[in-house]
Amino acid sequence: MRPPADAIGTLALIVGVIAVLIFIGVEGALVYAVWRYRASRHVAGEAATFENNRRLEIAWTAAPALILAVVFVLTLGAMAEINGAGVAPAMRITAIGHQWWWEFSYGGIRTANELHIPVDTPVDLEVTSVDVIHSFWVPELGPKMDMLPGKTNRLRLFTRRAGSYDGQCAEFCGVEHAWMRIRVIAETQTGFDQWLSGQTLPAPTQGGAGERVFLSNICVSCHTIRGTAAAGTAGPDLTHVGARATIGAGVIPSDVARMRAWLADPQRYKPGSLMPRVPLAEADLDALAAYLVSLK
Ligand code: CUA
């Protein structure tokens, strides 16, 4: 199959060319008429000299109808292509919208905000929401798809080019709507398989100070770290949080210093988010930030 974005691009090009030709035709006729009849005068009350031209009226009724019919048929074809009609998906991934982050699930392996897909592989993203309406949109990969609570929509993803593609929630969903960034990482099948098998591993039990801080605080009621007792599901799964490039669905890049700053006061970076400020001692913040970023 062709990448959905290419199908959209071709359709946009065809419609664009048609629109430009019509523009040139109409403006050209206008300029010609002004020039050709520049010396004529219209006297008020006199009948116009041009009326009841049946052929012309039929032509300018039929031509737009014909153009619209052509565009309609081309659009139906593009829609079928974008949906991957006739091409079975090689893989299904679930995407769930939350206020204000993305959950991606690969057969039970949950991750957040960064979606990994293999190139040259038709992937079906099954999208839904747990709270309000969100919309998954990565412009370079294809159309938007609404994420509706209680309903699952399907979005076909397919790309030939490895690399990272940025996207954004495209349906206003509350105060932090602008901070629902998506990053899609498309990689070769080998790279993707390595990534996925890494994700299936639980976090190594470290028994260190950071892990103790995490497990003995409120963190565990919302977050999961597989391999530990933490099994909350309200917030992002943190089993491999250190491998993600950003914190808070794109709010800040991820490193130990910024993770510490985020943990010290999440509401400063993402006001309104469900992540509360947890009062922690300075040393505990240091240990917790180092622990989380170490979870690659
Ligand atoms: Cu989610 Cu806007």
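Is I109 buried or exposed? At 13% relative accessibility, I109 is buried, where buried means under 20% relative accessible area, exposed over 50% and partly exposed in between, using a 1.4 Å probe and protein chains only. Before going further: this is a predicted model, in which local features need pLDDT of at least 70 and side-chain atom pairs count only at pLDDT 80 or more, while totals for chains, interfaces and linings use all residues. Residues are numbered from 1 along each chain as its sequence is written, and side-chain values use heavy atoms, with hydrogens and water left out.

Back to I109, which sits in strand β3 (residues 109-112); helices (H or I, at least four residues) and strands (E, at least two) are DSSP runs numbered from the N terminus. Setting aside neighbours within four places in sequence, I109 touches F104, Q199, T200 and R226, a contact being heavy atoms within 4.5 Å.

Now for the inside. The largest nonpolar core has 30 residues, and Y106, L115, L125, F136 and V184 have the most contacts inside it. Such a core is a set of buried Ala, Val, Leu, Ile, Met, Phe, Trp, Tyr and Cys residues joined through side-chain atoms within 4.5 Å. Elements that each supply at least two of its residues include β2 (101-106), β5 (123-129) and α3 (189-200). Apart from this core lies another, of 24 residues, among them A203, I225, L288 and Y291.

Aromatics come next: the whole structure holds 7 aromatic pairs. Rings of Phe, Tyr and Trp (its six-membered ring) pair if their centres lie within 6.5 Å, and planes under 30 degrees apart count as stacked, over 60 as edge-to-face and the rest as tilted. Y106 and F192 have ring centres 6.2 Å apart and planes at 45°, so they make a tilted pair. Because Y106 is in strand β2 and F192 in helix α3, the pair ties together parts 86 residues apart in sequence. F192 is buried at 2%, and its ring also pairs with that of W195, tilted because the planes are at 35°, with centres 6.0 Å apart. Those two are 3 residues apart in helix α3, so about one helical turn separates them.

What about the cysteines? The count comes to 0 disulfides, a disulfide being a pair of cysteine sulfur atoms within 2.5 Å. The sulfur of C219 has its closest cysteine sulfur in C222, 9.0 Å away, so that is too far for a bond. C219 is buried at 13% relative accessibility.
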